[in-house]
Amino acid sequence: MKQVKQIKAISFDGDMTLWDFEKVMRHSLSFALEELRSRIPNQASSDLTIDKMIEIRNSAAAALSGKVFNLEEIRLHAFKRTVESVGHTDDTLAASLNALYLKHRFEDIELYPDVIPILDLLRSDFSIGLLSNGNGYPERCGLPDRFNFVVFSQDVGVDKPDAGIFHAACRYAGCDPCELIHIGDSLESDVAGANGVGAVSVWLNRDLRQNESGIVPDYEIRSLSELEDIVKRNG
Ligand SMILES: [Mg+2]
């Protein structure tokens, strides 16, 4: 049985919890693809698809696993491979595609509609944090001054569900793990990670997915607005 003291801090995952990463990633890749086609107009570039670009990015990330942690650097490698896939080697073009991608990736993020209301509601009583394996830093995503602490895996060198990243969050928040609630969409990263350190885990299941993972969240919610009740119950 989890020992829960009074909750002091609440940490949120970023991608697919506060914003739709998949949507903004595909949207941003479409600008890079359009630019690539205009710079290298050939059959290979006109046959290239967003899904293929995602595949190239994932295999670049797998090849760099354990060697490169910075996600923008991995993305740049992926664009180099993408340019090569249409028959050219041009690192300058890859860098400009990367810059174009990143501009849209951050500037065009749309928060889910339940985000700002819940952050506004909780901010007066709790230390609020962002705990992410991604690179959506708050000031780049239209959320400056919303968080009391921010922990990114690429800065601490371990990804969720590693206990190290949750302990770092607790250090920044000034609380024990049992005084932290963590909310995220991933059972494997967010829920298992929070459970592993004895924090209260909340699975955000916006799409009513089946949980066949064997990982059991303390709470399951469909919308962030349901957090108000959970916080009251643990208050
Ligand atoms: Mg997520």
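These questions and answers walk through a predicted model, in which local features need pLDDT of at least 70, side-chain atom pairs count only at pLDDT 80 or more, and totals for chains, interfaces and linings use all residues. Residues are numbered from 1 along each chain as its sequence is written.

Me: In what order do the six strands of the open sheet lie?
Reply: Strands here are DSSP E runs of at least two residues, and helices are H or I runs of at least four, both numbered from the N terminus. Two strands pair if DSSP finds at least two bridges between them. The pairing in this open sheet is parallel, and the order is 3-2-1-4-5-6.

Me: Which are the edge strands of that sheet?
Reply: In the order 3-2-1-4-5-6, look for strands that pair on one side only. They are strand 3 (149-152) and strand 6 (219-221).

Me: Which residue is the bridge partner of G129 in strand 3?
Reply: Strand 2 and strand 3 run parallel. In strand 3, the partner of G129 is F149.

Me: What angle does helix 9 make with strand 5?
Reply: Strand 4 and strand 5 pair in parallel over four bridges. I181 has its bridge partner in strand 5, namely V200. Helix 9 packs on the sheet and touches both strands. Axes are lines fitted to C-alpha atoms, for helices over the stretch in contact, and angles run from 0 to 180 degrees between N-to-C directions; with strand 5, helix 9 makes about 165 degrees.

Me: How many of the eleven residues of helix 9 are buried?
Reply: The buried residues are L187, S189, D190, V191, G193, A194, N195 and V197. Their cover includes helix 8 (163-173), strand 4 (180-184) and strand 5 (200-204). Helix 9 is largely enclosed because its buried residues number eight.

Me: Is E188 buried or exposed?
Reply: E188 sits in helix 9 (residues 187-197). Contact means C-beta atoms, placed from the backbone, within 7 Å; beyond four places in sequence, E188 contacts P161, S213 and I215. With 12 C-beta neighbours inside 10 Å, E188 counts as exposed.

Me: Which helices do the buried residues of helix 1 pack against?
Reply: Helix 1 covers residues 21-39. Its buried residues are V24, S28, L29, A32, L33 and L36. They pack against helix 2 (43-47), helix 3 (50-64) and helix 5 (91-107).

Me: Is helix 1 roughly parallel or roughly antiparallel to helix 5?
Reply: Their axes come within 8 Å and cross at roughly 150 degrees. Angles under 35 degrees count as roughly parallel, over 145 as roughly antiparallel, 65 to 115 as roughly perpendicular and the rest as oblique. That makes helix 1, relative to helix 5, roughly antiparallel.

Conventions
Expected span 1.5 Å × (residues − 1). Buried ≥ 20, exposed ≤ 12 C-beta atoms within 10 Å, placed from the backbone. Contact = placed C-beta atoms within 7 Å.
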